[in-house]
Amino acid sequence: MKTLRLTLLGAVVALLAACSGGAPTTTNNNPTQTGSGDDYAGPAPRDADVQSFRINFWQNVKAVNRCGGCHGTTQVPMFANPNDVNAAYDAILPYVNLAEPDQSPIVAHVAGGHNCWQASSLACADIITVWIKNWAGSAASTGTQIALVAPSDKAVGSSKSFPDSPALFQSTVWPLLRGDGKCLRCHQSTAADPKSPFFASADVNEAYAAAQAKMNLDDPASSRFVVRLREESHNCWTSSCSTDSDKMQAAIKAFADQVQATPVDPALKVSRSLGLTDGVPASGGNRIDQFAIAKYEFKTGTGDTVYDTSGKGAELNLTISGAVDWVGGYGVNIKTGGKVQGTVTASAKLADDIKNTGEYSIEVWAAPANVTQEDAYIVSYSGSATTRNVTLAQRAYQYEAMGRSTVTGPNGAPSLLTKDTDRDAQAALQHVVLTYDPINGRKLYVNGNYTGDVDARAGGTLAGWDNTFALVLGNETSNNRQWQGVLRFVAIHDHALTAAQVQQNFAAGVGERYFLLFDVTALIGADLTKPHEFVMFEASQYDSYSYLFNKPTFISLDPTYKPGSIPIQGLRLGINGAEASGGQAYSNLDVTVTDNNYSTEKGQLLSPIGTVIALQKGPALDQFFLSFDKIGTQTHARTPAIGVPSPAVDLAPASDIGVRTFEQLNQSMSLITGVPTTNTLVRATYLQVQQQLPPVPDIQAFLASNQTGVAQLAIKYCAVMVDTASTRTAFFPGLDVSAAPATQFSGSGKDLLLVPLLTKALQQKGGVDLATQPTNSEVRTELSALIDKLSAKAGANSATVAKAACAAALGSGALEIL
Amino acid sequence: MLDVKLPPDHIRQDVARSPGGDSRVFLNNCIGCHSGMDPMAEAFAYYNFNADSGRIEYTAGQVQPKYLINSDNFKPGFVTPDDGWHNYWRQGQNSVYGWNTSLPGNGNGAKSMGAELANSDQFARCAVEKVFKTVCLHPPVNSADRASVDSTINTFKNGGYKLKDVFAQTAAYCKGN
């Protein structure tokens, strides 16, 4: 055994003892009165520690429907003896660890199922832990020492690995990806809008390489392919995502069933193996909990009750309703329609206690599902959407505090909002604390730091707090203020936590962490008869889908150990017999453990960073190991992974022509007519129709509305050109606008208009036709017909006819098409 | 580009590993780009655009604060120490982009990182294919188009990377009648 000193060493000696026996778990009623001590008539506490035991522990356990029913006067140890508090004190000492209350034997015994008065043994264990902490007082909060113990020795087991050949994939999953699944519409490089990864590629080798990360051969149901369909409804190919996901799961299972479980690659240089709970609990974080009057750690993991483990007064347990899922690593995921709420009666202790102190704090560890939700209530103690005592809410990137006092409205308005541009709320796990005291009013802290937002309504008192409201998480009691996200911890305190206390609780973190000791003694050729050498990780379940591994450290349990010089390169995390497919943050590691850098107490840190790897079977089943490219004199040479170029594939034939875009049309018309783009008349029309003109050259994006805009612009350019003598003379040299059109444009007279238009607007010089636009004669025929038709109208004049012929040519496909 | 197998050791602290409480999003999507992108982004660690002055600022030896924001999103994430960059895309599936083997694949600052990108085969291909699409109004769709692109890439690389020549050669191919 070796102690790892995390902060300061505790002053109290741990008294560890085994506890055995006990009746099966039964659910007792909550005591209505845990004992005030007023009825105690026995001998006075003999010293201060017994007095602390009396008020913090004994009074809570001596009720007959808690421990007092048996351990009062009938069954040893009689630590709930109602007649002699000194005798009770002596009886409990072997079963508590005042330096590390959560490691107390009595806590382990209750957690193991011994007569909890709640439905959850874990809840009782946590409550008893709180009572012991309060008893120990400063002795339990001055520091923590972690005893590192070598785990039981386990070799790396076997699991299913992907075969090198894609043959099985080709006959099972690949046909579904490219067939009914229709994944090939996006997930291949030749798709019209290709989306990586290309697991539906026509090249089975490319598809197989991309698909491996999406399939779990040990548990096909947790394959990403299946989850995307079943839980996220990602492009299901029928109307039933459930059916589609079943089909995908069956295909992966067919693949997996033909793969034999293989032992770990014998070429790898691997450590010994262990599971998450084989590690040493890292209970180093010291929280400030003595002011907590309701606390939720979400440890139960099942059922519809969230237990209050504050240990203060009658428990304010909450009931889950609607779309709320338990989250691995402690927590609940609140989705649309979900909330977690307590009763009005049980919630009354909040108002009663907080009105007494005149202060409060709401503390949460929360991961908002997004940063777009508004009016989203994370924690609320209220009666409806318009009346409340206090609410902590999210408004997009802001956190919001609505707190009722004598200087605010009954709805806690005006609310305190964090500054929008600070973007304090993130879609990541955050520690958020709202405090209130009469001097400063409301203050918000995010991840241990005061946001700097000052309450404009400081002062006042909480005299108006209403004890007929209910505590609710993730919504309003009226169900119309939905918050979506993960809650991993919630506490209500009857004091305003100080900045230092907030920082301390943030530093303590959330969830259960372990020190995992991977035995590398044999790899480095050290003496197996002495205490072993390890690469130690701080590990935890990060959420329902991954583990966090942090700060790999080389350490020996032999206090006399000297590492000398041990090179360590290319460390990889393994899970269930194979290296994890992603998250290998230490594969570039290149460090040498030396006598100078190694300390007997702390070992040698190999890397300061952490990483997450995918969870496979769950924390109870997953077995981890480490592999090394080099450790000591052992080496494993890897072939660098290289990409496979996608084979060239013909795409659907594409158009060779496109259209001029808005600015090209404007410049072209100006150049042809000689009217500058700055002319006020054409400028006004251009600005008016600009957004109606083609924005991109793709001819498939050309719309009828584009043509209308082009026609409007062409008419304006032609009108200005004809109405202005200089440009008219330059464009139509022989045109007499005062002459009658029927006379001027009869017979060959039309050439006054046709020749300039054909040569200038259509660029068909010398009668040479382009294959991609109408021939010279075709255009001439169309324009001639137009000129004849307009000239024959009563009241027609030559200027109007010229403008019309010009616009017909200028606004035609000859100019638009590239 | 998405490669979820590259080491994520240079992904910064501000990148949430469990966005919205779901680490699958990180492990299947975010990591695929950030694992290669973030080690490259370190080249610009000393640069910042000052919106007030409208200028780019350079603070030699001092990492800009924007590289260190939202550090509590994932405290064990990477903390940028300097402007040293690494090209992780030289390994894995993105090695197909033809990185120049005469260059080391790492360095300090934007100049050497720019050289790393500009000397890749993919840079030339990207430029030529963009020109092809602009001039020909469609991407290369058949073997004739691809042959033209390959030929133009050679011209581009061997002719001193003159884009004008790329336009000329591509226009000659697509000029029609």
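Predicted model: local features only at pLDDT ≥ 70, side-chain atom pairs only at ≥ 80, totals over all residues.
Helices (at least four residues) and strands (at least two) are taken here as DSSP runs, numbered from the N terminus.

View 1. With a radius of gyration of 20 Å, well over the 16 Å that the globule rule gives for 177 residues, chain B is more spread out than a compact globule. Along its principal axes, the C-alpha trace of chain B spans about 60 × 40 × 35 Å.

**View 2. Burial and contacts within chain B.** Of the 177 residues in chain B, 38% are buried. When the contacts in chain B between residues at least 6 apart in sequence are considered, 60% of them join residues that are at least 24 apart.

**View 3. The contact between chain A and chain B.** Here 55 residues of chain A are in contact with 40 residues of chain B. On the side of chain A that touches chain B, at least two residues each are supplied by β14 (360-368), β23 (485-493), β25 (533-543), β26 (546-556) and β31 (610-614) of chain A. The largest share of this side comes from β31(A), which contributes four residues.

**View 4. The residue types on the side of chain A that touches chain B.**

Key. Residues numbered from 1 in each chain as written. Chains lettered and ligands numbered in written order. Rg over C-alpha atoms; globule rule 2.2 N^0.38 Å. Buried ≥ 20, exposed ≤ 12 C-beta atoms within 10 Å, placed from the backbone. Contact = placed C-beta atoms within 7 Å. Nonpolar A, V, L, I, M, F, W, Y, C, P; charged D, E, K, R; others polar.
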